[in-house]
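Here is a short briefing on strand pairing and aromatic contacts. Please keep the structure open while reading.

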Amino acid sequence: MKKLFTFSMLTVVSFSFGQKLFIVKSDEKFGLINESGVEVVPPKYNSIDDFDKMHPNWAKVELENLYGFVDKSGKIVVEPKYQTIEDYDQYNEGWAMIIKDGKYGFMNEAGKEIVPPIYDKVGKFGDYSKEWLLVESQGLKGFIDKDGNVVVPVKYVEVSKFDDVRKNWALVKNRKEKLGFIDKTGKEVIPVVYDNIEAFTKKKSKTTEVANAD
């Protein structure tokens with residue numbers, strides 16, 4: 001006997017020709033049918049979100065605790081392989097954070113991994129530089145830009161904020177506890193070879209101090 005579907009919610013989306021889709025449930029699995037009763041997506045997912053909720057014309061689906069996307073034709077556009085897919089535009093326009101095997105990365109609006117999920121931690125644009133985002137892997141830190149390119153290799157155990165010691169520079173430390181500086185282009189302007197670096201300030205001359213006293 002053919003399995004009976006139960007409607008889990010009403011209209012999900014309308015096609016350009018007015019055709020509607022419905023989320024259906026069978027044996028605790030979810031799928032999609034059109035208004036003619038034709039299966040667009042067989043009931044195999046643990047959950048299906050509304051279309052357009054996270055991405056135009058896509059619906060997020062869950063399969064065995066992993067997430068991906070299907071489009072309105074039922075085609076899988078992003079394989080369900082991520083532990084988490086966060087909302088778009090939270091970190092960068094057109095980016096959604098993804099987590100796979102406990103590692104962080106980002107996908108773009110085409111569903112392509114623009115930053116592979118290889119990092120243990122990620123910061124936010126603006127924390128250090130408006131155009132850079134701090135990433136961390138195995139205790140080492142570096143930066144990526146808004147195109148997903150690595151602009152500072154992930155090789156420093158510590159990175160200070162820019163301008164803390166010198167304008168446009170950031171103090172960095174490597175695994176050997178050596179110190180140096182990078183600038184806002186990512187270049188090591190001071191080699192990372194020093195045991196200690198102290199900031200210096202210009203002291204007031206005695207003449208200036210006497211003049212101020214008067």
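## Strands and rings

Phe-69 stands opposite Val-78 in β8. The model is predicted.

**The open sheet**
- Strand β7 covers residues 66-71 and runs antiparallel to β8, with 3 bridges joining the two.
- Both strands belong to an open sheet of 4 strands, ordered β5-β6-β7-β8. Its pairing is antiparallel.
- The edges are β5 (47-48) and β8 (76-82). Each has a single partner strand, so one side of each is left without a neighbour in the sheet.
- Strands of a sheet pair through backbone hydrogen bonds, either parallel or antiparallel.

- Strand β3 spans residues 29-34 and is mostly covered. Of its 6 residues, 5 are buried.
- β3 pairs with strand β2 (residues 20-26) in the antiparallel sense, over 6 bridges.
- β2 and β3 form a hairpin, with 2 residues between them. In the turn, Asp-27 has a positive phi of about 50 degrees.
- β3 also pairs with strand β4 (residues 39-45), again antiparallel, over 3 bridges.
- Here Leu-32 stands opposite Val-41 in β4.
- The hairpin of β3 and β4 has 4 residues between the strands. Gly-37 in this hairpin takes a positive phi near 85 degrees.
- In a regular strand the side chains alternate between the two faces of the sheet.

**Aromatic pairs**
- The structure holds 8 aromatic pairs.
- Among them is Tyr-128 with Phe-143, an edge-to-face pair. The centres are 5.3 Å apart, and the planes lie at 70 degrees to each other.
- Tyr-128 lies in the loop between β13 (121-122) and β14 (132-137), and Phe-143 lies in strand β15 (residues 140-145), so the pair ties together parts that are 15 residues apart in sequence.
- Are these two residues buried or exposed? Tyr-128 and Phe-143 are both buried.
- Tyr-91, Trp-95, Phe-106 and Phe-125 form one aromatic cluster.

**Charges over rings**
- Phe-125, a member of that cluster, has the charged end of Lys-146 over its ring, 5.5 Å from the centre.
- Which residue lies over the face of Trp-169? Arg-166 does, at 4.0 Å from the ring centre.

Technical notes
Residues are numbered from 1 along each chain as its sequence is written. This is a predicted model: local features need pLDDT of at least 70, side-chain atom pairs count only at pLDDT 80 or more; totals for chains, interfaces and linings use all residues. Side-chain values use heavy atoms; hydrogens and water are left out. Two strands pair if DSSP finds at least two bridges between them. Buried means under 20% relative accessible area, exposed over 50%, partly exposed in between (1.4 Å probe, protein chains only). Rings of Phe, Tyr and Trp (its six-membered ring) pair if their centres lie within 6.5 Å; planes under 30 degrees apart count as stacked, over 60 as edge-to-face and the rest as tilted. A charge sits over a ring if NZ of Lys or CZ of Arg is within 6 Å of the ring centre and within 35 degrees of the ring normal.
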